[in-house]
Amino acid sequence: MIRLDIEHLPPTATPKPVWLWGSGTDADAADTDRLWQAHLRRFNIERTFRLFKQTLGWTCPKIRTPQAADRWTWLILAAYTQLRLARPLAADRRRPRERPVPPDRLTPARVRRDSRHIRPRTACPAQAPKSARPGPGRPPGRKNTRPTPRHDVHTPRETGTTTYRNKKSTAPRPRRTG
């Protein structure tokens, strides 16, 4: 166990010690530095996954196959890379509670806020999409003959436990009044 005392904080904050755990028994100053830097790096990783999930919509689509999930993950990573590469083009459009940062230190979320101003200044190698009408789809009243494939999530269960479905009631539903 390593206890770190924090020396530099804003005047309104009260310093609390930070406890870190390391598995080595003979930690020197370099090991201690590596532990607290890894502890700080953890917050960057957590914010990155928060950006993936909340802002870029990593967990939003209802993906049916594992291959589609892999493709979606690579697409999210490509979008994140584009946000990192567009950093020099973006202006700092910050919220009132945020501090100004230099242009080379903009976060991907701040770059995304300025994306509508970046888009007109970048070249677009693709042509305009062709207009097309959607296909006819399944005729109304016809049932789906190909059900959606389901994939096992591999959740561990206790052995010997089975779930029983309740028998459906034959009584009619009560009427709503009011």
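The legends below describe close-up views of a predicted model.

**Figure 1. Overview of the secondary structure of the chain.** In this predicted model, the chain holds four helices and two strands, and the elements follow one another from the N terminus in the order β-β-α-α-α-α. Of the 178 residues in the chain, 12% are buried.

**Figure 2. Helix α1 and the residues it buries.** Helix α1 covers residues 29–55, and because its 27 residues should span 39 Å at 1.5 Å a residue, the 39 Å between its end C-alpha atoms agrees with expectation. Thr32, Leu51 and Phe52 are the residues of α1 that are buried, and the buried residues of this helix pack against strand β1 (2–4) as well as against helices α2 and α3. After α1 comes Gly57, which has a positive phi, near 75 degrees. A further view may be taken at Arg42, whose charged end sits over the ring of Phe43 at 4.4 Å from the centre of that ring.

Figure 3. Helix α2 runs over residues 66–85, and its 20 residues reach 29 Å from the first C-alpha to the last, close to the 28 Å expected at 1.5 Å a residue. The residues buried in this helix are Ala68, Ile76, Tyr80 and Leu83. Seen down the axis of α2, these buried residues fall within an arc of 120 degrees, and they therefore line one face of the helix. Arg71, Trp74, Gln82 and Leu85, on the other side of α2, are exposed. The cover over the buried residues of α2 includes helix α1 (29–55) and helix α3 (108–113).

Figure 4. In one of them, Phe49 and Trp58, the ring centres are 5.8 Å apart and the planes stand at 35 degrees, so the pair is tilted. Phe49 is partly exposed at 38% relative accessibility, and Trp58 is likewise partly exposed, with a relative accessible area of 23%. For Phe52 and Tyr80, the ring centres are 5.2 Å apart and the planes stand at 85 degrees, so this pair is edge-to-face. The pair of Phe52 and Tyr80 links distant parts of the chain, since Phe52 belongs to helix α1 and Tyr80 to helix α2, 28 residues apart. Both Phe52 and Tyr80 are buried. Ring pairs join Phe49, Phe52, Trp58 and Tyr80 into a cluster.

Figure 5. Trp72 has its place in helix α2 and, at 25% relative accessibility, counts as partly exposed. When its neighbours within four places in sequence are left aside, Trp72 is in contact with Leu56, Gly57, Trp58, Pro61 and Ile63. One of these contacts is with Pro61, which is 11 residues from Trp72 in sequence and 8.9 Å from it in space, C-alpha to C-alpha.

Figure 6. Asp114 lies in the loop between α3 and α4 (115–118), and its relative accessible area of 1% places it among the buried residues. The side chain of Asp114 makes a polar contact with the side chain of Arg93, at 2.4 Å. Not counting residues up to four places away in sequence, Asp114 touches Leu89, Ala90, Ala91, Arg93 and Arg121.

**Figure 7. Glu98 and its polar contact with Arg113.** Glu98 is found in the loop between α2 and α3. Its relative accessibility is 18%, and because residues under 20% count as buried, Glu98 is classed as buried. The side chain of Glu98 makes a polar contact, at 2.9 Å, with the side chain of Arg113. With residues up to four places away in sequence not counted, Glu98 touches Arg110 and Arg113.

Definitions and conventions. Residues are numbered from 1 along each chain as its sequence is written. This is a predicted model: local features need pLDDT of at least 70, side-chain atom pairs count only at pLDDT 80 or more; totals for chains, interfaces and linings use all residues. Side-chain values use heavy atoms; hydrogens and water are left out. The expected span of a helix is 1.5 Å times one less than its number of residues. Buried means under 20% relative accessible area, exposed over 50%, partly exposed in between (1.4 Å probe, protein chains only). The arc is that of the directions from the helix axis to the C-beta atoms. Contact means heavy atoms within 4.5 Å. A polar contact is a pair of N or O atoms within 3.5 Å; within protein, one must be able to donate a hydrogen and the other to accept it, and residues adjacent in sequence count only if both atoms are side-chain atoms. Rings of Phe, Tyr and Trp (its six-membered ring) pair if their centres lie within 6.5 Å; planes under 30 degrees apart count as stacked, over 60 as edge-to-face and the rest as tilted. A charge sits over a ring if NZ of Lys or CZ of Arg is within 6 Å of the ring centre and within 35 degrees of the ring normal.
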